[in-house]
Amino acid sequence: MEEKTCGGESRGMQVGMRQLLRWFGIALIVISMLGPAFAPASYGAEASSAEDSQVKTIKITTKPASGQVNRRTGVVVRKSASSHSKKVARIPNNKKITMEHMTFTTTKNYSRKQRWFYIKCGSVKGYVPVNQVDHVRYQYRKVKAKRNLSYRYGAGYKMRKKGTLKKGTSLSLCLETSAKGSMTLWYRFRYGKKFYFVSSKDLNLTETVRVEEDRDSGSSSAKPSGSGTTGTQTGNQDNSTAPDNKENGTNPDGESTVTPPETNPSVNATVLQSNKKPMAAQMPKSTLTAWYNSLLKMANLIETNNLKYNTGGGGTTYKKGLAAKKVNCATYISWSLQDAGFEPSGFCFYLGYGKIYDQKIPKNYFIKSPNYLVQTNLNMTLSDCVKKGYLKPGDIVGWQDGYHTMVYKHTKTGKYYFFSVGPKSVANKVVHENTYKANYRIGVIIRRIA
């Protein structure tokens, strides 16, 4: 006969219950660990939540600058920062180049003759004299002085001192700089309308950012809700395409997150988005030329290589889109920005319902950037935007009542032409000759002004 406990159940039953509870506890632990793997997933920039992001401290680095060769005979690229160094290649006049950092050939002389850029141009890498490059455009990073510091005319403690900045002063860094024989890293920075140099040891070169987890690039994205639909915008003529109701840019697929730009102190985002009047600043002629060249280049590549329209977009770089043989309106514009050298590899976003949606860029990137002017929630017909001066050639445009990302080209004989990718434009090989109806409502305008 089994021995009874004071509760009345047998000892065997009591042991069995304990084992059952133990296994039940283990099962709960396993389920809690595997739960996220089986939970419904939300994709897309707007679907991110606090649970799938983290705060991370990163080191601040400056981005490359861009420029053009300004010598009629071209410029000789050398292996090191010296006119006696081995020749690497010769780059023709007016060729666009990227400058990654600046080097002084001495720690004492700050004249332009003593400075060299380390440049890239296609597969060519090397050094060229600073005075043989013009149309230089910097990408600024804002940092603060961590102590009272001296700033100088050149990169080196032996360079002539210009003045002193107080602790906490904000600086707009634009290019890493070094000097021959010195182990200290310096930065070029803009102060007023002039440029000076400051030691990296005197700056706070870290910042805290929120980093979103990467998503499965094979999944579709959740779309933000909106009252408007593309069903009211049908009946395009010629090679036009209606706004893409499922356009979502692309899913993150591995590139480094684009760092936030320095806030443009001359731009009041609230005023810009009130849309009371057209944006005053215009795109420089040289910028428009470079922008059009890249838009045409990417359009020709898309058509030549028979990329197919796909709401997933194919990837955040042209190389990935080519491998996938896919493209959409947002990836086409994003790839063109990258090709023009305006933004780094992997930069990708999309527009719709009067808003800018972030993919591989931080929130409000365009609004904060000194390189762009922005109007959102404009809600104005295409014809009025052109007639009243809101829309200019080269502007990046999105609909008020649907998802679409495109670039305004011109108006001719009553038709409104855009660089644009849609199912029809890809099939008919007319990426740079799309027309849209005058009564379509524009929601977003982004203009490059640098």
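Reader: Helices (H or I, at least four residues) and strands (E, at least two) are DSSP runs, numbered from the N terminus. With that in mind, where is alanine 81 found?

Author: Alanine 81 is in the loop that runs between β3 (75–78) and β4 (87–91). Before we go on, this is a predicted model in which local features need pLDDT of at least 70 and side-chain atom pairs count only at pLDDT 80 or more, while totals for chains, interfaces and linings use all residues. Residues are numbered from 1 along each chain as its sequence is written, and side-chain values use heavy atoms, with hydrogens and water left out.

Reader: Thanks! What does alanine 81 touch?

Author: Not counting residues up to four places away in sequence, alanine 81 touches Thr103, Thr105, Trp116 and Tyr127, where contact means heavy atoms within 4.5 Å. The C-alpha atoms of alanine 81 and methionine 102 are separated by 9.6 Å, and the two residues are 21 apart along the chain.

Reader: Let me zoom out. How many helices and strands are there in the chain?

Author: The chain has eight helices and 27 strands.

Reader: And how much of the chain is buried?

Author: Of the 450 residues in the chain, 47% are buried. Buried means under 20% relative accessible area, exposed over 50% and partly exposed in between, using a 1.4 Å probe and protein chains only. Here is another overall figure: among contacts between residues at least 6 apart in sequence, 66% join residues at least 24 apart.

Reader: Which residues have the most contacts inside the largest nonpolar core?

Author: They are Trp291, Tyr332, Phe349, Phe366, Ile396 and Ile446, in a core of 34 residues. A nonpolar core is a set of buried Ala, Val, Leu, Ile, Met, Phe, Trp, Tyr and Cys residues joined through side-chain atoms within 4.5 Å. The elements giving two or more residues to this core are α3 (285–304), α5 (329–339), β19 (349–352), α6 (365–368), β21 (372–375) and β27 (441–448). The largest share, six residues, comes from α3.

Reader: Which strand holds valine 124?

Author: Valine 124 is in β7, residues 124–129. From valine 124 to valine 88 is 7.6 Å, C-alpha to C-alpha, although they are 36 residues apart in sequence.

Reader: Back to the helices. At what angle do α3 and α5 cross?

Author: Their axes cross at roughly 125° and come within 8 Å. That makes α3 oblique to α5, because angles under 35 degrees count as roughly parallel, over 145 as roughly antiparallel, 65 to 115 as roughly perpendicular and the rest as oblique. Axes are lines fitted to C-alpha atoms, for helices over the stretch in contact, with angles from 0 to 180 degrees between N-to-C directions.

Reader: Which residues meet there?

Author: From α3, Trp291, Ser294, Leu295, Lys297, Met298, Ala299 and Ile302 meet Tyr332, Ile333, Trp335, Ser336, Leu337 and Asp339 in α5.

Reader: What about asparagine 293, is that residue buried or partly exposed?

Author: Asparagine 293 lies in α3 and counts as partly exposed because its relative accessibility is 48%. Asparagine 293 and alanine 340 are 7.9 Å apart, C-alpha to C-alpha, and 47 residues apart in sequence.

Reader: Why does valine 327 count as buried?

Author: Because its relative accessibility is 0%. Valine 327 is in strand β18, residues 326–327. Beyond its neighbours within four places in sequence, its contacts include Ile302, Leu307, Tyr332, Trp335 and Val421. The C-alpha atoms of valine 327 and isoleucine 302, 25 residues apart along the chain, are separated by 7.8 Å.

Reader: Last one! What phi does asparagine 364 have?

Author: Asparagine 364 has a positive phi of about 60° although it is not a glycine. Most residues other than glycine have a negative phi. Asparagine 364 is in the loop between β20 (355–358) and α6, and counts as partly exposed at 37% relative accessibility. Asparagine 379 has a positive phi too, of about 50°, and is found in the loop between β21 and β22 (380–381). At 39% relative accessibility, asparagine 379 counts as partly exposed.
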